[in-house]
2 protein chains.
Amino acid sequence: MEQEFASVLLENAVTSLSRLPGVGRKTALRFALHLLRRDEEEVTGIGEAIINLRKGIRYCRVCHNISEEEICPLCASEERRSSGVVCVVENVRDVMSIENTGRYNGLYHVLGGLISPIDGIGPDSLEISSLALRVAEEPISEVILATGATVEADTTNFYIYRLLAKSPRPVKITQLARGVAVGNELEYTDEATLARSLLDRTPFEM
Amino acid sequence: MEQEFASVLLENAVTSLSRLPGVGRKTALRFALHLLRRDEEEVTGIGEAIINLRKGIRYCRVCHNISEEEICPLCASEERRSSGVVCVVENVRDVMSIENTGRYNGLYHVLGGLISPIDGIGPDSLEISSLALRVAEEPISEVILATGATVEADTTNFYIYRLLAKSPRPVKITQLARGVAVGNELEYTDEATLARSLLDRTPFEM
């Protein structure tokens, strides 16, 4: 949809907002017209929050999670968290998802993506060598490969597995259980998942 | 979804972005993490476009369309546009929609909303008295009520109709044709629209 705007400012705002993921020009226009109706102070606050986010954010030197310090609060809280277990995730959002479960008490390592030759993302674009370094230097007993169940995730996991197998310190490598999602009906579960959940069956618990 | 963020900057950005219409905290987080991956220059540009939009935008003194001048280009181009016809619309977006048809050559009047007692919007919150003033003072021969087909639109149209009927200068008041939308099947057209399209039938054209 190409539209002629009465105002260069509106045109710029629409073009900018349509850079957000999944936002086309029509939605961007809706956003812009909404912002026009809000208080100037509120809108300035939104713009500044975006600018400050990108300018101010840093990444933890150890686990590469976003952080405002050189070392993020998760890595820094060694007395409270089990430092022998490292959970390897694709991105910052995955850290949040796992933290939200409240069932994990170890450390993290954020890869910053997955290996995807089609997108030009090789192991060197990701935080994989820094993971190998952590495993080699820190007293880590277990690395949990907590990625999704995609082809890219499998490729990445395989690469990391082969790399860590050569590590001077032996380390246990685990991955997330695959199986029927909690709350799902069996008839809507795909065959690969169902086959996997049969193979990996666990003792019945009440 | 309540999440604990590793960073106040991220928290602020997510809260700000979730102020956009139809954007919840989950989508706002997706926007924020996307922005984190972009160039700092690009992200600063987006933030500034939002701030400048709200700070810099003005409304046309005549038709209340958004404008960067005191009088918008549409109102200013009297030699090119027919100044005897005024199309009354709810908002700025409607002006764009009608301009996009390329079939209208008159002027506009942007109400800035519709009468909606349930939302506390009365005629005084809208640009209705300024419309009556235009009709009284300018040589306007026709006012087209180009609002949607909602209860609020009907209320607003009726109010404007009654007000303009008392105008010192007589003016023709028209409204958009109601009928079967172009491309629609008859069986999916509601009964009220179908009834209306029968009553308002027009001579057959090849």
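Predicted model: local features only at pLDDT ≥ 70, side-chain atom pairs only at ≥ 80, totals over all residues.
Trainee: How many aromatic pairs does the structure hold over all chains?
Mentor: There are 2 of them.

Trainee: What sort of pair do A:Tyr104 and A:Tyr108 make?
Mentor: An edge-to-face one, because their planes sit at 65° and the cut-off for that class is over 60 degrees. The ring centres are 5.2 Å apart.

Trainee: Are those two buried or exposed?
Mentor: A:Tyr104 and A:Tyr108 are both buried.

Trainee: And what do B:Tyr104 and B:Tyr108 form?
Mentor: An aromatic pair, edge-to-face. Centre to centre, B:Tyr104 and B:Tyr108 are 5.2 Å apart, with 65° between the planes.

Trainee: Why is B:Tyr104 classed as buried?
Mentor: Because its relative accessible area is 15%, and buried means under 20%.

Trainee: What about B:Tyr108, buried or exposed?
Mentor: Buried, with a relative accessible area of 1%.

Trainee: New topic. What rotation superposes chain A on chain B?
Mentor: One of 180°, with 0.0 Å of shift along its axis. The RMSD is 0.0 Å.

Trainee: So how are the two copies related?
Mentor: As by a two-fold rotation axis.

Trainee: Which residue of chain A comes closest to the rotation axis?
Mentor: A:Gly47 does. Its C-alpha lies at 2.0 Å from the axis.

Trainee: How much of the contact surface of chain A recurs in chain B?
Mentor: 100% of the contact residues of chain A recur there, and the same surface serves both copies.

How values were computed: Residues numbered from 1 in each chain as written. Chains lettered and ligands numbered in written order. Heavy atoms only, no water. Phe/Tyr/Trp six-rings, centres within 6.5 Å; stacked < 30°, edge-to-face > 60°. Buried < 20%, exposed > 50% of the residue type's maximum accessible area, 1.4 Å probe, protein only. Least-squares fit on C-alpha atoms with pLDDT ≥ 70 in both. Contact = heavy atoms within 4.5 Å.
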